[in-house]
Amino acid sequence: MRWTQWIRGAGTAAATAALLGGAVAPAAAGGGGPAERGRLTDLVNPFIGTENEGNTYPGAAVPFGMVQLSPDTGHSTGYDYAQNRIRGFSTVHVSGVGCGLGGDLPVLPTTGDITSTDNATYAAGFSHDDEKAGPGTYMVGLGTGIRAELSATRRTGVQRYTFPATDKANVLINAGQSLHRTVNTEVEILDNRTVRTAVTGSGFCQDTKPYTVYTLTRFDRPFTTSGTWKGDTVTQGSTASSAGAERNGAYVRFDTSEDRTVEATTAISYVDARGAALNLRAEGGRSYDRVARAARAAWEDRLGDVRAKGGDETLRRTFYSSLYRSFLAPNIGSDVDGRYTGWDQRIHRAEGFTYYQNWSLWDTYRTQAQLLSLLAPHESRDMAISVLTIDEDSGWLPKWGYGTVETNIMTGDPVTPFLTNAYQQGLLKGYEERAYRALRKNADGVPPADSAPVGREANKEYLADGFAPYVKGRAHVKPGDSDYDHGASATLEYALSDAMLGQMAKELGHRADAARYTARAQNYRKIFDRSTGFFRARDANGDFTGPVDPARSEGFHEGTSWQYQWLVPQDLPGVVSLIGGTEAANERLDSFFAYEQLLQDPARTAREVWVNGPYDYYNADKYNPQNEPDLIAPYTYLSTGRPWQTTDVVHAALTLFTDSPTGMTGNDDLGTMSAWNVLSSIGIFPVQPGTDTWGLSTPVFERVDLTLDRRYYPRGGLTVKAPGTSASARYIRSARTDGTPYGKTYLTTDDIRGTRELSFEVGGTPSRWGTSPDAAPPALK
């Protein structure tokens, strides 16, 4: 069936007017207008993290939307606040990644003759003084005199361009340039209002199997002329295609001598052209103003489930901005008809759930997955089912998936704690055994040589010897494989996952498996070097290898032995025993966090003594708050009898989150760092990722009201109170659950389900609260 049959009648001016039932007053730039009292979206600053490698984007998206319509300035991941030229507004972005990804189909309005097809050349200057963003909207005044406004639905991006008076108002649709490698492109002008493209790309930090994004862009009025380009050659015509890196695109031109505004809606699909047309028909046909209001309302509803009271304006802005970023991913991958492209590159249909994609699991399994299980359990259930579906479609569970392909980025076995978390939070009812079978296959084997996933790449040696060897200079077999490059940290990650899977096996009645996995969870001991008192990589012969100094250690992914020493949440008592007991462990923790300096000046210690650079992974013996291996570390004090020191360290780390473009600590990694900020600010943190255990610390707000889904949390909410909490009154003196004294430093998910109010009495000095031997989160056995 031809494209024009699928889009007939969609997006016409008459249809839009009928749909709206009359004229609509335009919204202010950036979805603004007079701020409504108490509107949480007004507290969100999408520019946080857009400078100093936070790698966030300021553009328009709705929660978990397929489309993220945002400006690209030339930075590898999209937008850099320090740059001042916009190359285009592209449809796909991933928040906080460290390598080029997305940026498909940059679109830019211009005027005059078209003299270049390279968006680095025709890029438009802009000033931040004429730029504004809010949840679901973005606006900028370009140096060319054109104003661009962006908004989005779940599967479409909506653009409104206001041109100067001219008969040469152009919109350049660039199919051949993106933030990663473009393999093949197709462009077709279907009629005088519609342009179709197909963009096939590949790569994320290295090469991957290709994937294709299909787009359909529908303008609200006819263009006067149009054409395409291939390479540097621009011609009037309706089709263009390109293989390899050659530029390929289309231009459309309008006469804006009288009517200066042009609107366009771009629908995308990862399935086929028909999918893009269906998505456009279902979600298109609305004016920019209406879409912007709906996007803002969607965000207001999502943010409204967390009502924080107390704290100054900066604290509230950083908090709600982090909450906003926590809901940007994973992303819808299925079209409105339920079809999606599986990892077998075949078309499937999601029955009874929404299919999601984009799985930065090495990052998100530690914080964001748990936050979403609490605040978005319905979507989290669909996300977990989507991950299981990847296994069923392609034969193996994912590690780091983008779109329809596996990238294999990062090490270990992050999918196991991700799925066991979903199980422990009650999100896999009806899927328990299916999930367990997939996880057992992943834990006990290695993917076939002819499949893209690497899974537990070093599993053969790990199962035989109890550790993944560090093989320096090993030839890579599949794109992204790296467990042998980082054998020490891979061992710790495998053992963590074994512990979580053992708990699941035990609860499902698989006793033999439970015993086996629980025993394997102790494999962290196999890489403990008693001569140094630290974890250390072992080579293929079993010998400890690399520098003796733990700050100079090798075989740890994006970290050192100092920074990985606490990544044993399944058995911190065991780690403490290896180190030499509680006193020795606390001395090491104090050194790691520069605790004495921290007490004197928390913010300065966090910025000048701890690891500071977003990519400073190695050669350090101090806490790295900018990277995933250390995210749980501040909560280790809960297991060494000093819970007040957890609060000291957490509150120092929270000072790194600010209301500025540099206010993100490290790459956000699809909401991982943002979720850390949200959970730590509330005072409830997942200290054993993959279980139902939440560690406690002092909240930074006097009161937080959480509205929870009654299908999963029968009481419908939880209120966390800490009257008088402040920098000078940050220590828990006592705690109560629904008025009953509570002495433990953790809650379980069942505790949260059965509690309406968790309240803390706080003061200016540490207390004995939480210091009894049974107060700490228990080891998994």
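Predicted model: local features only at pLDDT ≥ 70, side-chain atom pairs only at ≥ 80, totals over all residues.
Which residue in β17 is the bridge partner of tyrosine 161? Valine 262 is the one.

1. **Strand β8 and its neighbours.** Start with β8, residues 156–162. On one side of the pairing story is β17 (residues 261–269), which runs antiparallel to β8 and is joined to it by seven bridges. Then there's β7 (residues 147–152), also antiparallel to β8, with six bridges between the two. β7 and β8 make a hairpin, with three residues between them.

2. **How covered is β8?** Seven of its seven residues are buried, so the strand is largely enclosed by the rest of the structure. In a regular strand, side chains alternate between the two faces of the sheet. For β8, one side carries Thr156, Val158, Arg160 and Thr162, the other Gly157, Gln159 and Tyr161, and all of these are buried.

3. **Helix α6.** This helix covers residues 313–326, and its end C-alpha atoms are 20 Å apart, which agrees with the 20 Å that 14 residues should span at 1.5 Å a residue. At its N-terminal end sits a cap: a side-chain oxygen of aspartate 312 lies 3.3 Å from the backbone nitrogen of threonine 314.

4. **What α6 packs against.** The helix is mostly covered, with 11 of its 14 residues buried. Among the buried ones are Arg316, Arg317, Phe319, Tyr320, Leu323 and Tyr324. The buried residues pack against α5 (288–303), β18 (306–309), α8 (368–375) and α21.

5. **Aspartate 669, worth a look.** You'll find this residue in the loop between α20 (643–654) and α21 (672–682).

6. **A three-stranded open sheet.** Further along, β28, β29 and β34 line up in the order β28-β29-β34, with antiparallel pairing. β28 (684–685) and β34 (746–748) are at the edges and have a single partner strand each, so one side of each is left without a neighbour in the sheet. Two bridges link β28 with β29 (residues 693–696), and isoleucine 684 stands opposite leucine 696 in β29.

Key. Residues numbered from 1 in each chain as written. Heavy atoms only, no water. Pairing = 2+ DSSP bridges. Helix = DSSP H or I, 4+ residues; strand = E, 2+ residues; numbered from the N terminus. Buried < 20%, exposed > 50% of the residue type's maximum accessible area, 1.4 Å probe, protein only. Expected span 1.5 Å × (residues − 1). Contact = heavy atoms within 4.5 Å. Polar contact = N/O pair within 3.5 Å; in protein donor to acceptor, adjacent residues only side chain to side chain.
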